[in-house]
Amino acid sequence: MNVVVMGAQWGDEGKGKIVDFLAEKAKYVVRYAGGANAGHTIVVDGKKYALHQIPSGILHPQKSVFLGSGMVIDPEALFKELQMLSDNGIKWEGRVFISDRAHIVLPCYRKMDKDRDAARKRPIGTTGRGIGTTYSMKSERDGIRLADMDWDERIADLDKDDRDFLAPYTERLLAMRVDIAAKMWEYRNENILFEGAQGAMLDLDSGTYPYVSSGASCASGASSGAGVGPRRLDRILGVFKAYQTRVGNGPMPTEFNASTESELCEFIRNTGNEFGVTTGRPRRCGYLDLVALRYACHVNSIDSLVLTHLDIYDSMDEIEACIAYEIDGKIVTDFPASIPALNKVKPVLQKFKGWKTPLSSSSSYKKMPKEAKDYVEFIESFTGTPVGIVSVGAERSATYCRIDPWGNKI
């Protein structure tokens with residue numbers, strides 16, 4: 001069975017923890033998009049791991065992980081990450097494989113990334129890690145793939161600085177390369193977990209363009225980025241937080257008002273540790289945007305949702321979520337493509353009674369307070385999509401599974 005885990009918001013939804021949780025029943029884990037700009041934090045037995053390019057399933061012994069064709073690989077960052085795993089006692093050798101069709105991030109791309117964004121009249125807010133430029137070079141058919149790294153004539157076309165950069169990594173990268181399409185066909189009868197990067201609202205086509213990522217963070221990216229046909233994707237899970245966050249520039253219709261809601265923003269940011277894993281930047285925070293979430297469910301055929309960070313509301317008397325937009329005096333219930341329209345949004349909010357108790361002490365979804373379950377069930381009704389998993393903490397044990405994506409009975 002092939003199960004996709006993708007972000008249903010603007011990234012940072014907790015995909016890494018959910019992939020780690022679901023990986024126990026998977027034979028293989030495949031990351032299908034993004035690069036070193038992504039950051040997944042996983043807590044296992046009280047120890048925190050920050051992963052950027054390596055799929056979260058690596059923390060499960062005996063599981064093999066694949067970096068897919070839709071990824072862009074930063075060799076320097078990759079081997080630092082692998083060294084971090086070794087330093088923490090994680091034996092990764094022989095378990096990490098890279099698609100030979102994945103593209104390579106070169107040092108010159110990082111500078112180009114920063115220069116391009118600085119030159120824009122409306123900067124996107126790139127992380128400056130060369131990701132966008134690598135995808136751009138790929139589209140222009142001027143990029144370098146892992147498969148090209150032992151093609152002497154192609155490497156000779158590169159500038160000397162880029163050749164010198166690649167030289168110490170070439171043999172180690174080539175030792176991990178695989179034909180991922182062949183492997184996915186070979187493993188077609190196994191449980192495979194596909195891990196996305198960023199989120200639905202950052203997808204190049206369906207996101208808030210031009211304030212989007214350069215890769216395919218949509219569900220269909222799992223097919224093109226991992227070498228499997230679209231009809232072989234059995235289930236699609238969309239991960240979202242109980243509130244909204246965004247990093248970088250671009251519209252965010254439910255963002256907390258800096259002058260009137262700064263206290264609420266600081267509470268959510270500090271309680272939820274809303275700071276970038278990769279950059280350390282504080283994330284923009286806001287109310288849960290159910291209009292955007294429903295849109296993400298529709299355009300990605302999300303089968304079930306995964307709600308994370310619900311415990312952040314444990315101490316609040318009441319919480320609010322956005323159920324519609326007011327734009328120029330009109331009520332809008334569909335997510336607009338227009339950036340000016342999104343920038344004019346006044347969120348229409350609905351209040352929910354808080355539960356005033358630690359959800360992590362509930363031990364299961366059924367034992368959660370009625371008020372918390374009411375909130376979850378409203379989200380299901382609004383989006384028309386079941387919430388199959390609820391996360392109420394960083395540890396694996398703080399995860400309440402209502403619908404097993406692998407098809408087992410709960």
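View 1. Gly39 is buried, with 18% relative accessibility (buried is under 20% relative accessible area, exposed is over 50%, and partly exposed is in between, with a 1.4 Å probe and protein chains only). The model shown is predicted: local features need pLDDT of at least 70, side-chain atom pairs count only at pLDDT 80 or more, and totals for chains, interfaces and linings use all residues. Residues are numbered from 1 along each chain as its sequence is written, and side-chain values use heavy atoms, with hydrogens and water left out. Gly39 sits in the loop between β2 (28-31) and β3 (40-44). Strands (E, at least two residues) and helices (H or I, at least four) are DSSP runs, numbered from the N terminus. Strand β3 runs antiparallel to β4 (residues 47-51), and five bridges join them (strands pair if DSSP finds at least two bridges between them). Thr41 stands opposite Ala50 in β4. Two residues lie between the strands of this hairpin, where Asp45 takes a positive phi near 50°.

**View 2. Asp12 and Gly39, an annotated pair.** UniProt, in an unreviewed entry, places the feature "binding site" at Asp12 and Gly39. UniProt positions follow the numbering used here, feature names are shortened, and annotations may be inferred rather than shown by experiment. Asp12 lies in the loop between β1 (2-7) and α1 (15-22). Asp12 is partly exposed, at 25% relative accessible area. Not counting residues up to four places away in sequence, Asp12 touches Lys241, Thr245, Val247 and Arg283 (contact means heavy atoms within 4.5 Å).

**View 3. The salt bridge of Glu274 and Lys241.** The side chains of Glu274 and Lys241 meet in a salt bridge, 3.0 Å from N to O. The pair links distant parts of the chain, 33 residues apart: Glu274 is in the loop between α10 (262-271) and β13 (284-286), and Lys241 is in strand β11 (residues 235-241). Glu274 is buried, with a relative accessible area of 0%. Lys241 is buried, with a relative accessible area of 0%. A salt bridge here is a side-chain nitrogen of Lys or Arg within 4 Å of a carboxyl oxygen of Asp or Glu.

**View 4. Two further salt bridges.** The structure holds 24 salt bridges. In one of them, Arg110 pairs with Asp74, with the closest N and O atoms 3.2 Å apart. Arg110 lies in helix α3 (residues 107-119) and Asp74 in the loop between β6 (72-73) and α2 (75-87), so the pair ties together parts 36 residues apart in sequence. Asp74 is buried, at 4% relative accessible area. Asp317 and Lys356 also meet in a salt bridge (3.3 Å, N to O). Asp317 is in the loop between β15 (304-308) and β16 (318-327), and Lys356 is in the loop between β18 (346-353) and α13 (370-383), 39 residues away. Asp317 is exposed, at 59% relative accessibility. Salt bridges that share partners join Asp12, Lys241, Glu274 and Arg283 into one network.

View 5. The unreviewed UniProt entry lists a "binding site" at Val277, Thr278, Thr279, Gly280, Arg281, Pro282 and Arg283. Pro282 lies in the loop between α10 and β13. Pro282 is partly exposed, with a relative accessible area of 48%. Leaving aside neighbours within four places in sequence, Pro282 is in contact with Arg269, Glu274 and Phe275.
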